[in-house]
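Dear colleague,

Please find below the structure I am handing over to you. My notes on it come directly after.

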Amino acid sequence: MAKRQVGSASSAENQTNMKRIHSTQASRSTRPGTKPASVKEATVTNKETPKGQFTIKQTCGCGNNTLDLHGKGIKKIEKFEILKGTNILDLSCNSIEEIENLDNKCEITELKLYGNNLRQINNLDRLRELRVLQLQYNHITSLRKGLLKLRKLQTLRLDSNQLVCVESREFAGLSQLTSLDISHNQLTDITAVNALPCLEELFASHNKLCGIVDLSRCNKLQEIDLSNNKISEVQGLSFLETLTSLDLSNNVLSSTKSLGVLSSLQVLNLANNQLKSVCSFSKQFLNLEILNIANNCIDMKKELKFLAQCCHLEELQIAGNNTGTSEEENEHLMQISFLMPHLKSLDKVILNDSSNKKLKTLVIPKTALANDTTSASLTPVANYGSRSQTRCNSRSRIEDARLYAAQHFVKK
């Protein structure tokens with residue numbers, strides 16, 4: 001992340017100019033029918049730097065006042081006054097090494113400190129109204145007691161740091177936290193997130209998680225991203241009645257048995273794992289709409305009939321599995337067209353709705369599929385002619401296969 005190294009706002013002259021800015025009266029909201037938010041600017045001189053100056057902005061609008069100090073080359077947070085009612089303080093993309101002198105900023109609800117040189121979290125205890133804290137892209141190695149007093153915090157970003165461990169006691173005060181991003185760190189265990197009773201979004205991709213992950217006490221989770229780890233099992237998800245999105249791609253799962261029944265799940269990414277079967281998917285994921293199982297070890301010749309039982313699927317990715325010879329791959333494509341006419345996207349290719357309408361008369365009843373998996377097999381009509389030889393990976397190939405299936409295949 002680029003940073004402009006133009007010195008720190010540390011002189012008495014700097015403070016004088018900043019006070020002048022903050023004494024300016026707030027302007028109107030940016031709601032429809034009103035004038036846009038105003039931006040008050042002043043040049044602050046820094047005698048220690050070659051260029052010697054930068055501009056700070058106080059933006060007023062939408063009920064929130066923002067003090068914008070983004071990318072000013074600030075190395076140290078000096079004491080300064082801000083306009084009463086300021087809610088957002090942006091100190092991002094500077095060279096700050098320590099959080100300090102924010103004791104009297106008790107009205108701040110959002111603090112942006114991403115893209116600095118912070119190594120620890122401290123001196124935030126008096127920011128009792130803080131709702132959003134952005135600390136991504138720093139060098140933070142541990143949390144310690146830095147977050148304990150932030151009882152109103154709702155969103156916390158700690159991604160792209162150097163966290164090795166997080167403990168339950170370090171999250172003890174975050175009773176209202178709903179979104180946590182701890183991705184791109186060095187974590188080997190995230191059991192501590194079970195101490196967050198209101199957590200709805202968890203992003204923990206690109207860590208060093210391995211073996212079994214247990215999230216049984218996070219019963220309000222709606223979205224989970226655990227991709228790019230070495231996870232073999234995830235436990236406790238069957239208790240999550242509100243979970244709608246789950247990303248477990250790029251792990252080492254050989255089965256989905258540990259996931260249990262996720263009746264609310266709509267989006268599931270299991271690409272780049274070691275799965276061999278999808279036979280339980282229709283019973284585990286009752287309302288699944290988007291599924292990615294690309295690059296696994298699934299024999300599509302045997303397993304395709306089970307995918308067809310997932311009656312709500314609209315988007316499907318299966319590339320990179322065992323589809324046999326080129327001729328067999330074409331046949332699988334035609335079977336998908338026949339068995340799943342409700343699909344809107346296959347391997348990222350958008351399907352034509354007109355083809356769906358033509359195939360509606362050939363749809364196998366869902367009840368039949370649920371009760372008898374053999375009914376999903378296809379029998380070619382006698383004297384149907386030669387098979388389509390289109391081999392390009394494009395929309396036309398899939399559409400040709402759909403039409404071919406509609407014309408030449410019937411149920412047993």
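Residues are numbered from 1 along each chain as its sequence is written, and side-chain values use heavy atoms, with hydrogens and water left out.

The average pLDDT of the chain (the predictor's confidence in each residue, from 0 to 100) is 77, and 68% of the residues score at least 70. Residues 1-55 stay under 50 in pLDDT; for them the model has 118 contacts beyond four places in sequence, a contact being heavy atoms within 4.5 Å. The pLDDT is also below 50 over residues 354-397, a stretch with 71 contacts in the model beyond near neighbours in sequence. Where pLDDT is low, the predicted coordinates should not be read in detail.

The chain contains 7 helices and 20 strands (DSSP runs numbered from the N terminus: helices are H or I of at least four residues, strands E of at least two). Of its 412 residues, 47% are buried, where buried means under 20% relative accessible area, exposed over 50%, and partly exposed in between, with a 1.4 Å probe and protein chains only.

Leaving aside residues up to four places away in sequence, Val193 touches residues including Phe171, Leu180, Leu202 and Cys218.

In α3, the buried residues are Met300, Glu303, Leu304, Phe306 and Leu307. They fall within an arc of 160° seen down the helix axis, so they line one face of α3; the arc is that of the directions from the helix axis to the C-beta atoms. Lys301 and Lys302 are exposed on the face of α3 turned away from the buried side.

Finally, Asn321 sits in the loop between β16 (315-317) and α4 (326-339). Asn321 is buried, with a relative accessible area of 11%. A polar atom of its side chain lies 2.9 Å from the backbone oxygen of Ile293, and the backbone oxygen of Ile318 likewise lies 2.9 Å from a polar atom of the Asn321 side chain.

With kind regards

Note on methods
Predicted model: local features only at pLDDT ≥ 70, side-chain atom pairs only at ≥ 80, totals over all residues. Polar contact = N/O pair within 3.5 Å; in protein donor to acceptor, adjacent residues only side chain to side chain.
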